[in-house]
Amino acid sequence: MSLSSALLWWEEWQLRILVLSSLFIQYVLFFSLWLRKNPNQRRLRVLVWVAYIAGDAVAIYALATLFNRRKQTPDEESSALEVLWAPVLFIHLGGQPWISAYSLEDNELWKRHTITVVSQVTVALYIFCKWWSGEKMLLAAAILLFLLGILQFAQKPWALRTASFNSMQTSSTVSLLSTEQIEGHIYSLEEYVQAAKKCVLEAKVEHWRQYETKSTYMFVDLFAPYSSRVAQLPSFVKVEDMRAYNALQDCLGHAFLILYSRLGSVETILGNVSMLSLPFLALASMVLFVTSHKDGYNEKDIRVTYILLCVTSMLEFMFPCMTFGLLIPCFKSFIFKYTHGWHDMVSQYNLITFCVRKKKPTFLMKVAIFSFLKDFINQHWFIQHVHSSFTITEVARQHVEDGWRKYIHDAASYKRFSELRGQWTLRRHHQLGWSLKMPYDESVLIWHVSTDLCFYHPNTSPQGRQGEATQRSREIANYMIYLLLICPEMLMPGTRSDLFTLASDIIVENSKGLLDMTEENLAREVLNRPMLPSAADMVSQALKLSKALMELGDEERWTVIHDVWVEMLCYSASRCRGYLHAKSLGEGGEFLSVIWLLWSFMGMETLADRNQMSEPQEENEEAWTSHPRRALST
């Protein structure tokens with residue numbers, strides 16, 4: 001095929017290829033929900049991002065191509081069906097109900113999408129009014145398609161505006177204020193602590209009980225009044241662990257749909273009417289086209305129009321069918337898990353393994369030409385995941401319950417409990433307390449390295465390595481170092497992710513470079529390093545900590561490590577902004593969000609509560625002076 005014939009072929013098929021490509025992209029977006037919520041598919045999520053960007057770009061380019069073609073050949077009757085494709089492209093520009101926004105920032109662009117709606121509708125109406133020459137049945141089909149396309153197109157900026165930060169804050173604030181007015185009594189912090197402690201102490205697990213709540217206000221950094229928290233606390237503490245965990249997952253799934261799909265707008269009366277009526281408009285337009293006369297039109301255009309109308313109608317009916325499927329018992333669990341459920345995976349990263357790959361690069365790292373590409377691949381390509389979300393959540397819940405029963409007794413101890421990041425566990429091990437008297441990110445890194453050094457230490461028994469506390473400790477340690485490197489802002493405001501690089505450089509530079517380089521061999525090398533008393537680097541401090549931990553018995557050592565990591569995990573959850581949790585949902589979500597919700601539902605302070613619900617200074621000073629830190633001695 002010569003170049004000129006290829007250009008002629010492209011000129012003929014360009015618009016057909018564009019509209020069919022736009023249709024294909026819409027199907028990719030409709031079924032992208034699972035990819036977006038599954039952290040195991042992080043690498044494939046780039047395809048969803050490309051489809052999300054290309055969905056608008058291809059449809060707008062197709063409209064522009066249609067406008068230019070009609071301008072150049074205004075009297076060509078055989079291709080008049082192309083004008084009927086303009087409203088179908090409107091439908092595609094409206095996007096799919098499961099993905100109104102790819103990232104949280106997209107919700108703030110609703111004004112730009114509103115301008116796009118107005119401009120593209122104007123262009124399409126101009127094309128249609130100026131160049132339509134079809135018969136009445138096709139005209140009726142075109143009018144229905146235009147009505148469907150404009151309504152569908154307008155839903156996107158509406159959904160984005162509904163999920164924008166300011167709109168979410170406004171609607172949540174009104175709801176919280178009305179709840180406070182219904183409850184009537186306004187609690188002080190001391191009254192709240194006493195009421196909450198009584199709830200926890202008197203609670204008995206009821207295996208039949210379910211827990212349902214809407215916590216979307218937390219994702220826009222709002223706080224709930226003490227009255228509503230006291231009212232909800234008994235319901236949660238009475239729920240057994242698995243059902244409580246399922247409730248936390250449902251909260252994350254619901255928040256994801258509110259922020260990143262059209263669920264927030266569909267839940268309104270107008271949204272329900274649109275969801276039920278628009279598919280029938282698509283069906284009616286398809287029937288009108290099928291029954292219309294098509295003599296004189298291009299056969300290829302007729303086939304493309306059939307494909308467009310039939311497949312678009314199917315796509316319009318899928319969302320209502322899935323919604324009504326929730327009412328059918330045999331389909332409910334499957335559909336609910338796909339749409340509202342959440343994964344149970346915890347991301348894992350490991351400093352020692354990172355160093356092993358640096359010493360012994362993988363094939364993918366060898367292929368990378370530039371050193372910064374090798375480092376990027378080493379950091380982001382080898383993130384692993386374990387299915388241990390429930391078990392870690394269970395021990396975190398037990399930690400909070402123990403805090404209510406054994407530590408918290410007044411407002412001052414309630415606030416101190418939120419400050420714990422290992423101090424409660426180490427109250428009987430003062431020789432280890434120095435490891436917490438440093439910046440939090442340094443403590444996390446030191447405890448992570450020392451956890452691995454204790455695991456690979458020759459004196460650790462095989463039974464000690466296989467213990468449940470050992471496995472949970474390593475999983476939490478690997479997750480916390482993952483947060484430090486990949487999501488430092490979620491670990492703690494001001495976290496320095498470059499500490500990871502500094503520690504890895506020290507380990508790699510002091511390694512002998514054995515041929516059989518494994519995690520255990522590298523850890524043994526670190527353990528055999530001469531420990532200088534004045535050494536201030538973090539690897540030396542981790543070595544010092546591991547040697548102090550090895551003086552404890554196997555069971556006691558891993559219990560201490562485990563409990564310190566649980567405290568650190570809860571501390572990070574209580575210090576992370578709701579906005580960051582909302583942002584992470586669009587990237588597959590973080591396990592820290594589960595602990596954050598658990599922390600709040602168990603009556604503890606989140607960052608928003610801490611900033612907004614502080615007691616007057618006089619009461620704080622009185623609490624701190626009249627109640628010494630007696631809880632630490634219990």
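The structure, a predicted model, holds 28 aromatic pairs.

**Exercise 1.** Classify the ring pair of tyrosine 52 and tyrosine 102, and state which parts of the chain the pair ties together.

*Solution.* 
- Step 1. A pair of aromatic rings is described by the distance of the centres and the angle of the planes. For tyrosine 52 and tyrosine 102 the values are 6.2 Å centre to centre and 35° between the planes.
- Step 2. Centres within 6.5 Å make a pair, planes under 30 degrees apart are stacked and planes over 60 are edge-to-face, the rest being tilted. The pair of tyrosine 52 and tyrosine 102 is accordingly tilted.
- Step 3. Tyrosine 52 belongs to helix H3, while tyrosine 102 is in the loop between helix H4 (85–93) and helix H5 (110–131), so the pair ties together parts that are 50 residues apart in sequence.
- Step 4. Tyrosine 52 is buried, at a relative accessible area of 9%, and tyrosine 102 is buried as well, at 16%.

**Exercise 2.** Carry out the analysis for tyrosine 245 and phenylalanine 390: what is the geometry of the pair, and is each residue buried or partly exposed?

*Solution.* 
- Step 1. The ring centres of tyrosine 245 and phenylalanine 390 are 5.5 Å apart and the planes stand at 65°, so the pair is edge-to-face.
- Step 2. Helix H10 (residues 241–260) contains tyrosine 245 and helix H18 (residues 389–407) contains phenylalanine 390, so parts 145 residues apart in sequence are tied together by the pair.
- Step 3. Tyrosine 245 has a relative accessible area of 4% and is buried. Phenylalanine 390, with 22%, is partly exposed.

**Exercise 3.** Identify which residues ring pairs link into a cluster, and which rings lie under the charged ends of arginine 43 and arginine 465.

*Solution.* 
- Step 1. The cluster linked by ring pairs consists of Tyr192, Tyr226, Trp404 and Tyr414.
- Step 2. Arginine 43 places its charged end over the ring of tryptophan 381, 4.1 Å from the ring centre.
- Step 3. The charged end of arginine 465 sits over the ring of phenylalanine 455, at 5.3 Å from its centre.

**Exercise 4.** Describe the second largest pocket by its volume and its lining.

*Solution.* 
- Step 1. The volume of the second largest pocket is about 730 Å³.
- Step 2. This pocket is lined by 28 residues, and those closest to its centre are Arg42, Arg45, His380, Ile383 and Ile486.
- Step 3. Elements giving two or more residues to the lining include helix H3 (45–72), helix H17 (371–380) and helix H22 (468–486).
- Step 4. The lining divides into 13 nonpolar, seven polar and eight charged residues.

**Exercise 5.** State how many cavities of 30 Å³ or more the structure has, and characterise the largest cavity.

*Solution.* 
- Step 1. The search of the whole structure finds seven such cavities.
- Step 2. The largest cavity holds about 180 Å³ of space.
- Step 3. Its lining has 17 residues, with Pro97, Gln152, Arg262, Glu316 and Phe319 nearest the centre.
- Step 4. Helix H12 supplies the largest share of this lining, five residues.
- Step 5. By type, the lining of the largest cavity comprises nine nonpolar, six polar and two charged residues.

**Exercise 6.** Explain why the buried residues of H14 line one face of the helix.

*Solution.* 
- Step 1. The buried residues in helix H14 (residues 329–339) include Ile335, Tyr338 and Thr339.
- Step 2. Viewed down the axis of H14, the buried residues fall within an arc of 80°, so they line one face of the helix.
- Step 3. The face of H14 turned away from the buried side carries the exposed residues Pro329, Ser333 and Lys337.

Note on methods:
Residues numbered from 1 in each chain as written. Predicted model: local features only at pLDDT ≥ 70, side-chain atom pairs only at ≥ 80, totals over all residues. Heavy atoms only, no water. 1 Å grid on protein atoms, 1.4 Å probe; cavity = no way out; pocket = protein on both sides within 12 Å on 5 of 7 lines; lining within 4 Å. Points joined across faces, edges and corners; volume = space filled by probe spheres on them. Helix = DSSP H or I, 4+ residues; strand = E, 2+ residues; numbered from the N terminus. Nonpolar A, V, L, I, M, F, W, Y, C, P; charged D, E, K, R; others polar. Phe/Tyr/Trp six-rings, centres within 6.5 Å; stacked < 30°, edge-to-face > 60°. Buried < 20%, exposed > 50% of the residue type's maximum accessible area, 1.4 Å probe, protein only. Lys NZ or Arg CZ within 6 Å of the ring centre and 35° of its normal. Arc of directions from axis to C-beta.
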